[in-house]
Amino acid sequence: MLQNNNLKICRKLVRRELQFHKGQCLLLVTAVTLVCMLYTFSFAMGSHVYDGFLYSYRLMYGSGSHIICYDLSTEQAALLESHNAVKDTVLLSPIGTLSDEMLGNRNVKLAEFSEKWARETDSVPLYGQAPAEEDEIALDEITLNSLLIPHEIGAEVFLTWVPEGGGEERAGVFRLCGWWKNNTGETDSCAWITKEAAEELGGGTPEHKTLGLTLYLPGDPERQAKDLFSDTGIQNITYTTNLAGNRARMAYAGGKAMEFYRLNLIVVLCGILMLYTILRLSDRRNIQFYAGVKALGMTPRQIRVLAVYRAAALCLPGLLPGWILGFSLCALLAPYVVVGLGANPALFFFRLWPFGLGALLTWLTVLTACLLPIRSVAKYTPAEAMRFTGGNTKIKTMRSMAGRSKTKNRGLRRTTIRRMAFTELSRHKGQSLLAALSLLLSLIILCCVWTKGVSYDEEKYLEGAALCDYRLSDPSAAADTQRYNPKSRSIAPEIPETLSGHPAVENIGIVCTMEVPMYAGAQERAPIIETFEETDERGVIRKEYMADAPDWIAGYEKMRESGEYIGIVTGVDKLALEKAVTQNIFIEGTFSEEDFDTGKYVIASGAASLLKTTPPAGTKVMICGREFEIMACVLFESSLASGADSRQAQFNVTYYVPIGVFEELFPEHGIRNVLIDIDRSRQDEFEAFLADTLRGTEIHITSVRDHQLNFRNALFRICMIPLFVGGVMLVIGTLNFTNVLMMGILVRKRDFAVYESLGMTKRQLGKLLLWEGLSCFGIMTGLLVPGVAAAVWLWGKWQLAHMNTWCVTWRFSLLPLWISLPVLLIIALAVPLYFMKFVTKESVTERLRSAE
Amino acid sequence: MKTNTNIITVHGLKKYYGSGPRQVKALDGIDLTIKQGEFTAITGASGSGKTTLLNMMGGLDVPTEGEVIVDGIDLSRLREEQLAVFRRKKVGFIFQNYNLVPTLTVEENILFPLDLDGAAPDMRYLEEIIELLGLPDKLNAYPEALSGGQQQRTAIARALAAKPAILLADEPTGNLDSQNSQNVAGLLKMTTKLFHRTLVMITHNPELAQLADTVVKMKDGRIV
């Protein structure tokens with residue numbers, strides 16, 4: 001009999017509530033929108049960060065395939081293609097590997113054009129077209145630059161290659177029909193020729209197919225590859241798996257995304273707090289309502305369902321604007337977080353799940369906030385809850401009243417407006433404390449982030465990170481993996497001359513390099529050998545650190561046994577010389593510009609450690625038949641030259657010589673790099689001039705602007721999440737503060753009527769409320785200023801002790817606090833006066849009656 | 001139509017707040033029986049325990065000790081969910097402050113206990129009550145647009161709507177002037193007689209108490 005739960009009435013009550021309290025509902029929907037925006041933003045941004053990392057791994061790998069298998073026969077390729085775990089395949093049929101020394105460590109396959117493979121590896125010719133005639137070839141830009149082939153359709157291309165599986169080097173002449181820009185980090189590429197050309201040139205060579213596999217399930221490609229080979233019985237296969245499927249890399253990307261997902265924990269708390277703060281505006285009404293309906297027979301389940309419906313009704317109108325705002329915010333900020341993509345990451349990596357999950361969490365947040373007032377009523381019997389009639393929002397029960405019988409007799413004291421104001425403040429202690437704590441916490445977060453942000457010193461960073469403001473690189477030395485071709489004349493001598501004439505240029509220098517065979521006698525090479533053969537503090541013989549670099553090992557062993565090694569003679573002048581002697585650390589000897597300019601001395605530079613890896617200072621060395629004395633030995637700290645050197649020069653000693661001497665030694669030299677420092681206040685003007693000067697060339701520019709952008713993006717990434725959290729908490733804290741002031745007035749409608757009936761004028765009432773506002777602000781300020789200052793100071797000390805960041809100059813700043821205080825003061829003065837008008841609109845009698 | 005059946009039985013009812021020397025004894029061993037169809041008035045000074053006793057009879061509060069049996073149901077055995085359904089089905093409350101849902105119209109307020117129950121209303125019975133209480137032209141109005149007397153009449157109509165076993169009225173005329181008080185009390189007595197309901201009413205007004213079949217006087221949590 002005593003079972004029934006009709007739920008239709010709940011819908012009606014919610015509908016009516018929305019109609020009756022439009023103002024509050026609008027405020028709640030706005031808060032829901034904000035919460036949904038934050039969830040959508042953090043989920044979308046997290047997913048973009050994750051996808052961005054995977055995408056960059058994929059770019060590094062150079063293919064979208066999950067697994068790439070090499071040196072397969074047609075039968076093996078067919079077996080793998082037909083495996084049920086394989087969703088799709090791309091096949092490459094190379095006939096050989098380009099063997100020009102100038103390609104350095106790059107691996108360029110001469111192969112029949114495969115459009116599918118080209119699409120998968122971003123190697124579709126973008127300029128010109130794919131080969132159609134037998135003598136046509138399409139190449140990537142790095143290969144063109146390394147081989148000094150002009151970027152012109154029809155340009156003659158002379159290539160040498162080693163057939164797949166080995167054999168004698170072959171050569172051929174082609175006509176350039178197209179090319180594409182490739183990722184500068186890539187070491188693998190293709191040289192596309194037609195099917196007919198491939199058959200003719202590759203005739204008689206065994207099959208060495210390369211097969212790219214796309215799997216149905218992208219997870220753990222390493223394990224899947226082993227399963228595939230085991231299932232098909234294929235053994236001893238060379239294969240690689242996509243870096244984007246690598247567990248450790250995926251975990252790293254997940255960790256980065258987690259930084260954004262973690263933001264949701266704060267959003268949950270802040271969202272509930274924000275919504276609850278707004279709901280508290282009608283706390284008294286809510287408690288009376290729930291107590292009333294409970295007394296009339298509404299069951300706890302019906303009350304819970306009422307809260308669920310209420311949460312849904314508040315959620316629905318807030319979702320769409322929340323999604324739009326969250327996505328827009330993400331689209332606005334994502335390019336600073338996921339950099340170097342070209343397209344906007346929010347659109348490029350668009351996914352639906354952040355919207356769905358954002359909506360779900362928004363609803364749960366709203367539901368929790370809606371259930372909180374119910375929980376506070378549920379603790380009491382209907383009789384106790386209905387007894388609540390006072391101005392204080394706390395339910396007073398006979399139980400709690402029973403313990404308050406003692407009062408101190410202080411004698412007669414006159415009441416003043418100020419005393420009344422202070423007494424009133426003590427009535428809202430709980431909520432005032434909540435407001436104070438949320439303001440304190442938010443301002444601590446904001447001031448700490450602000451202090452951190454302003455302490456990162458861009459100038460210091462640029463000094464350390466950028467060798468100079470601009471570095472022009474020969475096209476054959478644009479990429480780190482690209483071997484510099486000393487035959488290149490792309491940087492004409494007029495270019496540095498023209499640039500040095502610009503008024504923004506403060507200093508300019510050129511870097512020229514040449515690899516030369518050299519000899520070190522037993523005495524000269526002894527300290528080098530001692531260094532590399534020695535066991536270090538970790539118990540490892542130092543040369544073993546280079547075990548993965550066979551070219552370095554071969555060069556070192558050659559030097560150890562015969563004394564022959566490759567010296568990289570580097571001609572430097574002005575800025576380049578200055579950088580060579582200021583950016584590197586001197587291990588032996590000292591630098592004398594006067595002596596250096598005589599052309600009798602060189603500066604030797606060795607491996608990156610504080611150890612002797614060059615012949616000692618004072619040693620005489622012969623370079624191209626000319627004798628020099630080593631003036632000083634420096635630590636190879638940062639390279640003046642871009643690009644890579646030949647494989648034979650992996651083990652080398654660099655010798656800096658004046659540019660004049662270099663020109664005498666190598667009259668037909670090219671310029672590898674130009675270093676430029678400018679007056680940064682004229683950066684835009686200089687960049688326009690630079691672009692004009694270099695128009696029509698393939699010269700690569702590394703700009704200070706790139707470093708500035710990196711610095712600012714990194715700073716943005718560091719500060720964005722705490723700024724967001726602090727900002728949201730500040731909004732909540734300010735709302736709470738406003739709420740405290742508002743509640744203090746709205747619930748005292750009757751009190752004010754009583755005061756007025758006893759003779760208090762409106763002016764006196766206004767004065768009382770202003771005093772209350774000022775007192776509240778004073779207490780807040782008294783808490784916030786020392787609290788925030790102390791917290792930021794302590795945090796700063798801790799940061800200084802634990803943060804070993806070379807580009808930090810500690811700057812203590814409380815700017816967010818100084819901006820917030822006047823805003824709080826305005827609220828403290830404006831809110832009481834505004835709401836006083838609101839509650840004293842009716843006559844004293846009307847108010848006394850309506851309060852009853 | 002009075003019968004000899006006890007509709008309410010209160011036995012050894014105690015309600016204490018706090019403990020030790022500060023303990024407040026709101027009810028201190030109440031034994032009371034109320035017969036079906038009877039009009040009982042509870043009188044006493046402020047703090048004598050009248051409202052606490054009424055709340056215990058209506059399942060709005062839980063006793064420290066003792067039992068309350070209403071229409072054969074021992075309230076101490078009911079869970080919170082069952083107590084709520086008990087209140088809606090068995091008890092009609094009339095509060096001093098009316099306790100109308102401000103977002104519902106007069107008609108919806110009257111039907112509220114039935115809506116909570118999902119029960120079909122007896123329209124003829126309801127129309128009769130509405131007519132009797134003079135509310136036909138106020139059915140679409142919201143409580144805020146009604147006078148105190150009209151609000152209290154709405155509360156009475158609501159209390160009768162679900163045909164409860166007992167009507168509990170806590171100073172139903174406390175917020176009304178003397179004319180309205182007489183009217184409301186008269187209506188209460190008439191409707192309970194007409195619809196054969198048991199009425200328990202708290203009142204300070206001796207004139208209204210005289211309308212009752214039985215008057216229970218309370219002092220310091222006891223019946224005197």
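**Figure 1. Six strands of chain B form an open sheet of mixed pairing.** The strand order in this predicted model is β6-β7-β8-β3-β9-β10 (chain B). At the edges are β6 (91–94) and β10 (222–223) of chain B, each of which pairs on one side only. Strand β7 (residues 166–170) of chain B runs parallel to β6(B), and four bridges join the two. Within this pair, B:Gly92 has B:Leu167 of β7(B) as its bridge partner. Helix α1 (residues 50–57) of chain B packs on the sheet, where it touches β3 (39–44), β7, β8 (198–202) and β9 (214–219) of chain B. The direction of α1(B) makes about 150 degrees with that of β8(B). Helix α5 (residues 148–161) of chain B lies across β6 and β7 of chain B and runs at about 175 degrees to β6(B).

**Figure 2. α3(B) packs against α5(B).** The two helices meet at an angle of about 30 degrees, and their axes are 7 Å apart. Angles under 35 degrees count as roughly parallel, so α3(B) is roughly parallel to α5(B). The crossing of α3(B) past α5(B) is right-handed. On the α3(B) side, the contact is made by B:Val106, B:Asn109, B:Ile110, B:Leu111, B:Phe112, B:Pro113 and B:Leu114. The α5(B) side supplies B:Thr154, B:Ala157, B:Arg158 and B:Ala161. By class, this contact of α3(B) with α5(B) has eight nonpolar, two polar and one charged residues.

**Figure 3. Four strands of chain B form an open antiparallel sheet.** The strands follow the order β2-β1-β4-β5 (chain B). β2 and β5 (73–74) of chain B each have a single partner strand, so one side of each is left without a neighbour in the sheet. Strand β1 (residues 6–17) of chain B pairs with β2(B) in the antiparallel sense over nine bridges. B:Thr9 stands opposite B:Thr33 in β2(B). Helix α1(B) packs on this sheet, touching β1, β2 and β4 (65–70) of chain B. The direction of α1(B) makes about 125 degrees with that of β1(B).

**Figure 4. Chain B touches chain A.** The contact takes 30 residues from chain B and 29 residues from chain A. On the chain B side, the elements that give two or more residues are β2 (24–35), α2 (80–90) and α3 (106–117) of chain B. α2(B) gives the most to this side, with eight residues. The residues of the chain B side divide into 15 nonpolar, seven polar and eight charged.

**Figure 5. Two helices of chain A, α11(A) and α13(A), pack together.** Helix α11 (residues 300–337) of chain A and helix α13 (residues 353–378) of chain A make an angle of about 145 degrees. Their axes are 8 Å apart. The crossing of α11(A) and α13(A) is right-handed. The residues of this contact divide into 19 nonpolar, four polar and two charged.

**Figure 6. The domain assignment divides chain A into domain 1, domain 2, domain 3 and domain 4.** Domain 1 takes 1–63 + 245–390, and domain 2 takes 66–244. Domain 3 takes 416–466 + 705–852, and domain 4 takes 475–698. Taken over C-alpha atoms, the centres of domain 1 of chain A and domain 4 of chain A are separated by 59 Å.

Technical notes:
Residues numbered from 1 in each chain as written. Chains lettered and ligands numbered in written order. Predicted model: local features only at pLDDT ≥ 70, side-chain atom pairs only at ≥ 80, totals over all residues. Contact = placed C-beta atoms within 7 Å. Nonpolar A, V, L, I, M, F, W, Y, C, P; charged D, E, K, R; others polar. Domains from an automatic or database assignment. Pairing = 2+ DSSP bridges. Axes fitted to C-alpha atoms, helices over the stretch in contact; angles between N-to-C directions. Parallel < 35°, antiparallel > 145°, perpendicular 65-115°, else oblique. Left-handed = near helix turned anticlockwise from the far one by under 90°.
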